[in-house]
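These are my notebook entries on a structure that was new to me. I wrote down what I looked up, in the order in which I went through it.

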Amino acid sequence: MSKQAWLSHLQQYRAIAVIRASEMKLAQKMAMAVASGGMPLIEITWNSDRAPELISQLRSQLPNCIIGTGTLFNVQQLQDAIACGAQFLFTPHVEPIMIQAAVAKDVPIIPGALTPTEIVTAWTYGASCVKVFPVSAVGGADYIKSLQGPLGHIPLIPTGGVTLENAKELLQAGAVAVGLSGQLFPKHLVAEENWQAIAQQVSKLIEQLA
């Protein structure tokens with residue numbers, strides 16, 4: 001997927017569901033719930049149970065969704081993720097070798113960064129966009145807004161502290177999209193396996209972000 005195609009998807013859908021689960025079947029149900037709620041960008045973290053197998057399955061089960069992965073720490077994990085079908089790649093850090101490896105395969109890579117220096121470094125090495133993590137620790141929407149002056153040409157995806165309440169504010173501050181994890185999956189709804197309620201919550205969020 002080209003960088004331009006990836007950015008187009010982000011601008012259209014505005015939010016990414018980040019799923020981390022200790023049981024593959026649970027992660028699969030979580031993915032199905034957010035997909036049915038209208039959120040087609042789904043990240044399965046690499047440290048989830050049987051992540052490669054699940055990514056491969058979801059590629060078949062959810063053909064209208066874009067399935068990627070995150071929490072990648074080295075080139076071997078990145079190569080394994082691409083091999084199992086991951087369509088985009090998130091890392092928690094800036095690693096030039098990983099960025100270049102993803103660019104060579106034409107797979108969008110979104111490194112995690114926090115400071116302006118880290119953000120610019122990631123972009124210079126070829127990142128498709130940059131994950132600002134953890135955004136809640138540095139001022140949330142105010143921080144994203146303050147970056148727009150010097151770094152407005154770099155598409156940013158804040159994660160870490162993004163909530164149903166502040167997601168729109170982060171987008172209005174200049175973020176191209178946001179990543180949400182636990183906020184999409186309240187523990188009591190997951191325990192009850194109330195996937196319909198989760199899907200409805202996702203649908204409501206998508207409407208707010210449109």
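I began with charge, and I counted 13 positive and 14 negative side chains in the protein chain, with the centres of the two sets 3 Å apart. For this count Lys and Arg are positive and Asp and Glu negative, while His and the chain ends are not counted, and I placed each charge at NZ of Lys, CZ of Arg, CG of Asp or CD of Glu.

Before going further I noted that this is a predicted model, in which local features need pLDDT of at least 70 and side-chain atom pairs count only at pLDDT 80 or more, whereas totals for chains, interfaces and linings use all residues. Residues are numbered from 1 along each chain as its sequence is written, and side-chain values use heavy atoms, with hydrogens and water left out.

Next I looked up the salt bridges, taking one to be a side-chain nitrogen of Lys or Arg within 4 Å of a carboxyl oxygen of Asp or Glu, and the count came to 2. One of them joins the side chains of Glu193 and Lys29, at 3.0 Å from N to O. Glu193 sits in the loop between helix H9 (187-192) and helix H10 (195-209) and Lys29 in helix H2 (residues 24-36), so this pair ties together parts that are 164 residues apart in sequence. Helices (H or I, at least four residues) and strands (E, at least two) are DSSP runs, numbered from the N terminus.

I then checked how open these side chains are, calling a residue buried under 20% relative accessible area, exposed over 50% and partly exposed in between (1.4 Å probe, protein chains only). Glu193 is partly exposed at 41%, and Lys29 is partly exposed at 35%. I also noted that phi of Glu193 is near 55°, a positive value in a residue other than glycine.

Glu53 and Arg50 form a salt bridge as well, with their closest N and O atoms 3.1 Å apart. Here Glu53 is partly exposed at 36%, and Arg50 is partly exposed at 45%.

Turning to the backbone, I found a positive phi, near 60°, at Asp106, which is not a glycine. Asp106 belongs to the loop between helix H5 (96-104) and strand E5 (109-110), and its relative accessibility of 44% makes it partly exposed. I also recorded that the peptide bond from Phe133 to Pro134 is cis, with omega near -10°, and that Pro134 lies in the loop between strand E7 (130-132) and helix H7 (141-151).

Is Gly70 buried or exposed? I found that Gly70, which lies in strand E3 (residues 66-70), is buried, with a relative accessible area of 0%. Leaving aside neighbours within four places in sequence, Gly70 is in contact (heavy atoms within 4.5 Å) with Glu43, Ile44, Thr45, Trp46 and Phe90.

Last, I looked at the whole protein chain, which has 10 helices and 9 strands. Its C-alpha atoms fill a box of roughly 45 × 35 × 25 Å along the principal axes, and 50% of its 210 residues count as buried. Among contacts between residues at least 6 apart in sequence, 57% join residues at least 24 apart.
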